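Reader: I would like to learn how to read a structure, one feature at a time. Could you take me through it slowly?

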Amino acid sequence: MTQRCDVERALRASAPHALVDTLRAVLTRCYGALSVQLLLADYGATALTPFDALGTSGASIPVANSAEGRAFGSQEPRRQIQQGEVVEHHLPVSVRGERTGILTVRLPVERSVPHTVDELVHAADLLGHELLVAERDTDVYQRARRISRLTLAAEMQWQLLPARACSAAEYAIGAQLEPAYAIHGDNYDWASDAHELTLAVTDGMGTGVNASLLTHLAVNALRNARRAGIGLEDQAALADQALYAQYRGASYVSTLLLRFDLATGRVQAVDAGSPQLWRMRGKSVELIDLDPQMPLGMFEETHYVAKEFEVLPGDRLLIVSDGVYAAVSPEGEGYARRALARALHASTLLPAATVPRAVLRDLADYRDAESLDDSLVVCIDWFGKTGG
């Protein structure tokens, strides 16, 4: 127990940019670690990049077909024997479902015992929480995650996003945007409390910085209304007014707003534009029929009405932007016609956090060409209340 406290105390006392160096010193002293390395997931979630506070990190490791990637994907510790006398442990670094990266610790084989591994898993968990706090004060971790330069619009969008995954007793969420380094108008947002989960998916018209600025106004208007504690319909109305006041209908935002009652599974939905909502229940995949209404900011003082439906434990919901469902194959067939259902069936055994990446990989193969449009996928696995 003392060693655990030493790790936590040391990380909390560390300078934000020096967390890995601090952890390396503690693990070397307490457990005889031969090396300690942090690998951070890049923005596309396709590579793990070695972190170095001085910015001299080595080559990225692919998430696919690597031991580190398998630990990242499964979120389970993995071990590799190196030269018979050294064991390499790959430990997931995550916070509330958000997958940050992998902590790789090399130990002498005689020190690689279950109790020590448990302590290392705990250290990786502590590191994940401290990284989340440290990113408020330093750019070193953001820089390390980039395998290429972000466009200005993409920089703005990634700073606006909450995370790429989130989990609670009642649900698990995963999300991904493509092209990760050049997105402009698509966005997602969520927030939960003891009683409800609110989720918004937005698609600002246009491209580049203009689309990003439009989406920033929309998302912050929705957050402002949500944090004022008002209902879903009024959240949409207030954001609509804010956008119309700024753009006078010349620019607008397609939005899907959802509010889940955590106790009952009842969902309120405001469908204000193009994002689509699909549900997989058992082996059945269907597009949920909502009441289409005007995008936010298109007209002055639009009145929005929420439609209700129910989710059951075991349901998987998939929200996709028009860059996904409207994509076409080389033969001209839309992705939503048959391929989307196939992709959902193929990813049945995957956790919500990795489903969006799998769907986007399938989409890339399906259209067999680069797309200029953003592609957004949000997956929600609904577990419901498990106790009284």
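Reader: Is Ser112 buried or exposed?

Author: Before the answer, please note that this is a predicted model, in which local features need pLDDT of at least 70 and side-chain atom pairs count only at pLDDT 80 or more, while totals for chains, interfaces and linings use all residues. Residues are numbered from 1 along each chain as its sequence is written, and side-chain values use heavy atoms, with hydrogens and water left out. A residue is called buried under 20% relative accessible area, exposed over 50% and partly exposed in between, with a 1.4 Å probe and protein chains only. Ser112 has a relative accessible area of 13%, so Ser112 is buried.

Reader: Which residues does Ser112 touch, not counting those up to four places away in sequence?

Author: Contact means heavy atoms within 4.5 Å. By that rule Ser112, which is found in the loop between β6 and α4 (114-134), touches Arg79, Val87, His89, Leu107 and Val117. Helices (H or I, at least four residues) and strands (E, at least two) are DSSP runs, numbered from the N terminus.

Reader: Where is Leu107 found, and is Leu107 buried or exposed?

Author: Leu107 is found in strand β6, which covers residues 98-108, and Leu107 is buried, because its relative accessible area is 0%. Leaving aside neighbours within four places in sequence, its contacts include Tyr31, Gly32, Val86, Ser112 and Leu120. Sequence distance and spatial distance can be read side by side here, for Leu107 and Ser35 are 72 residues apart in sequence and 7.6 Å apart in space, C-alpha to C-alpha.

Reader: Which residues of helix α6 are buried?

Author: An α-helix has 3.6 residues a turn, so residues three or four places apart point the same way. In helix α6 (residues 152-160), the buried residues are Ala153, Ala154, Met156, Gln157, Trp158 and Leu160, and what covers them includes β8 (171-178), β9 (186-192) and α7.
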